[in-house]
Amino acid sequence: MFTTTRRGFLVLTAATGLAACSTTIPMLPKAAASTPETLTDDEILAAINAVRKANGAPPWAYNTRLEDAARSQARLMAQKNTLSHDLGVTLRQRVTAAGYIGAVGENVAKGYTSLQGAIEGWMESSGHRGTLLSHRFVEFGLAVARAPNGKLYWAMIAGGSFQAWVAS
């Protein structure tokens with residue numbers, strides 16, 4: 001399993017580099033591009049879909065409503081300096097407030113200094129890996145927030161149709 005994960009991340013790193021080289025969007029200045037808070041939707045989409053592809057999962061679309069709900073969670077975790085899925089507002093409440101109706105799953109992380117690090121952490125956790133590689137979800141949003149002590153908090157919310165979860 002470690003070899004597959006390591007291979008997946010080698011592919012992820014290569015794919016992210018290629019995506020950055022082939023983009024037609026102007027590059028951010030080096031200082032800005034080096035901070036997790038300045039990741040673009042395209043960079044996030046490329047990173048998540050590269051690891052999904054490396055593990056045989058189809059690509060996801062990026063959804064800004066799910067990003068809004070993820071941002072809410074990342075900021076709340078950073079404000080409270082606590083890693084949790086529920087800090088007084090449930091996942092369902094957050095996605096509904098963001099205008100998203102559908103099945104959802106959430107991955108959270110803290111302390112990782114890069115998106116690649118957060119993804120690697122999720123891949124090493126069976127529950128988070130299951131969400132990240134799920135064939136039932138078709139889209140996602142991701143956000144990161146920095147706590148006053150500098151620690152980063154990550155939230156990724158995957159979404160899709162409730163029908164995908166109905167047993168056939």
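Predicted model: local features only at pLDDT ≥ 70, side-chain atom pairs only at ≥ 80, totals over all residues.

Reader: Which helices and strands make up the secondary structure of the protein chain, and in what order do the elements run?

Author: Helices (H or I, at least four residues) and strands (E, at least two) are DSSP runs, numbered from the N terminus. Here the chain has seven helices and four strands, and from the N terminus on the order is α-α-α-β-α-α-β-α-α-β-β.

Reader: What share of the 168 residues is buried?

Author: A residue is buried under 20% relative accessible area, exposed over 50%, and partly exposed in between (1.4 Å probe, protein chains only). In this chain of 168 residues, 41% are buried.

Reader: Which residues have the most contacts inside the largest nonpolar core?

Author: A nonpolar core is a set of buried Ala, Val, Leu, Ile, Met, Phe, Trp, Tyr and Cys residues joined through side-chain atoms within 4.5 Å. The largest one has 22 residues, and Ile48, Ile119, Leu142 and Trp154 have the most contacts inside it. At least two residues of this core come from each of α3 (41-54), α6 (115-123), β3 (139-146) and β4 (152-160). The element that gives the most is α6, with five residues. There is also a second, separate core of 19 residues, which includes Met77, Leu91, Val108 and Ala155.

Reader: At what angle do α3 and α6 pack?

Author: Axes are lines fitted to C-alpha atoms, for helices over the stretch in contact, and angles run from 0 to 180 degrees between N-to-C directions. The angle between α3 and α6 is about 30°, and their axes are 11 Å apart. Angles under 35 degrees count as roughly parallel, over 145 as roughly antiparallel, 65 to 115 as roughly perpendicular and the rest as oblique. The two helices α3 and α6 are therefore roughly parallel to each other. Contact means heavy atoms within 4.5 Å. Ile44, Ala47, Ile48 and Val51 of α3 make the contact with Leu115, Ile119 and Met123 of α6.

Reader: Where does arginine 94 lie, and is arginine 94 buried or exposed?

Author: Arginine 94 lies in helix α5 (residues 91-97). Its relative accessible area is 3%, so arginine 94 is buried. Leaving aside neighbours within four places in sequence, its contacts are Ala69, Ser72, Gln73, His85, Val89, Glu106 and Ile157.

Reader: How far apart are the C-alpha atoms of alanine 57 and leucine 133?

Author: They are separated by 5.9 Å, although alanine 57 and leucine 133 are 76 residues apart along the chain. Alanine 57 is in the loop between α3 and β1 (61-62), and it counts as buried because its relative accessibility is 8%.

Reader: What is the phi of asparagine 81?

Author: Most residues other than glycine have a negative phi. Asparagine 81, which is not a glycine, has a positive phi of about 50°. Asparagine 81 is in the loop between α4 (64-80) and α5. With a relative accessible area of 36%, asparagine 81 is partly exposed.

Technical notes:
Residues numbered from 1 in each chain as written. Heavy atoms only, no water.
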